[in-house]
Amino acid sequence: VLDPLFIYFKNLVTNYSNNYNLIGFSAGGQLAHRAFIFNNSIYCHQTISMSSGWYTTIDENQNFPYGLNESPFNNNTASLFSRNLTILIGQNDNDPNAPNLRRNSIVDLQGNNRFDRAEYFYTSAENLANEKNYIFNWQKFVVPNAAHDLSPIANFAVDLLYQ
């Protein structure tokens with residue numbers, strides 16, 4: 001859906017950009033990292049997933065939506081790891097009782113709060129890439145003194161885009 005929308009709007013407004021950046025916060029961060037995993041876009045230059053509540057992990061033994069088993073994933077992990085994904089999480093986004101934070105026996109294996117889940121997602125992917133000797137172009141940043149708050153996380157993301 002994203003690439004055709006990009007092409008449509010690009011043509012509609014006579015935009016000469018060759019690519020777009022996908023950035024999402026909280027549930028939008030979940031959408032961003034899942035679009036990164038499943039979309040395999042040729043136009044998305046950078047994806048930044050900020051403060052997601054939980055993740056679809058790069059685990060082919062875990063059933064979708066928590067992993068790739070029985071999912072629409074039709075890519076290979078080597079290609080996935082070579083693309084640009086950035087995970088942003090606030091240093092203080094660690095409330096296990098945060099409103100709208102999914103809790104169940106499966107997702108809690110990722111951790112009890114957003115911070116731990118971001119660490120789990122990134123570290124397990126990095127470990128898998130290292131184990132298979134794949135290029136790993138993902139990044140993770142912890143935003144100092146930030147909780148589950150859009151402004152400091154988004155400002156950090158914008159700064160990353162303009163580096």
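## Rings, sheet and loops in a predicted model

User: Over the face of which residue does arginine 34 lie, and at what distance from the ring centre?

Analyst: Arginine 34 is placed over the face of tryptophan 54. This is a predicted model, in which local features need pLDDT of at least 70 and side-chain atom pairs count only at pLDDT 80 or more, while totals for chains, interfaces and linings use all residues. Residues are numbered from 1 along each chain as its sequence is written, and side-chain values use heavy atoms, with hydrogens and water left out. A charge sits over a ring if NZ of Lys or CZ of Arg is within 6 Å of the ring centre and within 35 degrees of the ring normal; for arginine 34 over tryptophan 54, the distance from the ring centre is 4.2 Å.

User: Over the ring of which residue does the charged end of arginine 83 sit?

Analyst: The distance from the charged end of arginine 83 to the centre of this ring is 4.3 Å. The ring belongs to phenylalanine 36.

User: Which residues of H2 are buried?

Analyst: Helices (H or I, at least four residues) and strands (E, at least two) are DSSP runs, numbered from the N terminus. Buried means under 20% relative accessible area, exposed over 50%, and partly exposed in between, with a 1.4 Å probe and protein chains only. In H2 the buried residues are Gly29, Gln30, Ala32, His33, Arg34, Ala35, Phe36, Ile37 and Phe38.

User: How far apart are the end C-alpha atoms of helix H2?

Analyst: The expected span of a helix is 1.5 Å times one less than its number of residues. Helix H2 has 13 residues, 27-39, and should therefore span 18 Å. The model agrees with this, as the end C-alpha atoms of H2 are separated by 17 Å.

User: How many aromatic pairs does a search of the whole structure find?

Analyst: Rings of Phe, Tyr and Trp (its six-membered ring) pair if their centres lie within 6.5 Å; planes under 30 degrees apart count as stacked, over 60 as edge-to-face and the rest as tilted. Across the whole structure, the number of aromatic pairs is 15.

User: Are the rings of phenylalanine 81 and tyrosine 134 tilted or edge-to-face?

Analyst: Their centres are 6.3 Å apart and their planes meet at 45°. Phenylalanine 81 belongs to helix H3 and tyrosine 134 to the loop between helix H4 (114-131) and S4, so the pair ties together parts that are 53 residues apart in sequence. Phenylalanine 81 is buried at 0% relative accessibility, whereas tyrosine 134 is partly exposed at 27%. The planes stand at 45°, so the pair is tilted.

User: What kind of pair do the rings of tyrosine 122 and phenylalanine 136 form?

Analyst: Their centres are 5.5 Å apart, with the planes at 65°, so the arrangement is edge-to-face. Tyrosine 122 in helix H4 and phenylalanine 136 in the loop between H4 and S4 are 14 residues apart, and the pair links distant parts of the chain. Both tyrosine 122 and phenylalanine 136 are buried. The planes are at 65°, so the kind of pair is edge-to-face.

User: Which residues do ring pairs link into a cluster?

Analyst: The cluster is held together by ring pairs. Its members are Phe36, Tyr55, Phe81, Phe121, Tyr122, Tyr134, Phe136 and Trp138.

User: Which residue in S4 is the bridge partner of isoleucine 89?

Analyst: Strand S3 (residues 85-90) pairs with S4 in the parallel sense over six bridges. Within S4, glycine 90 has valine 143 opposite. The bridge partner of isoleucine 89 is valine 142.

User: Which residues does the cis peptide bond with omega of about 15° join?

Analyst: Most peptide bonds are trans. Proline 65, on one side of this cis bond, lies in the loop between strand S2 (44-50) and helix H3 (77-82). The bond joins phenylalanine 64 and proline 65.

User: Is asparagine 145 buried or exposed?

Analyst: Asparagine 145 has a positive phi of about 60° although it is not a glycine. Its place is the loop between strand S4 (138-143) and helix H5 (150-161). With a relative accessible area of 67%, asparagine 145 is exposed.

Conventions
Pairing = 2+ DSSP bridges.
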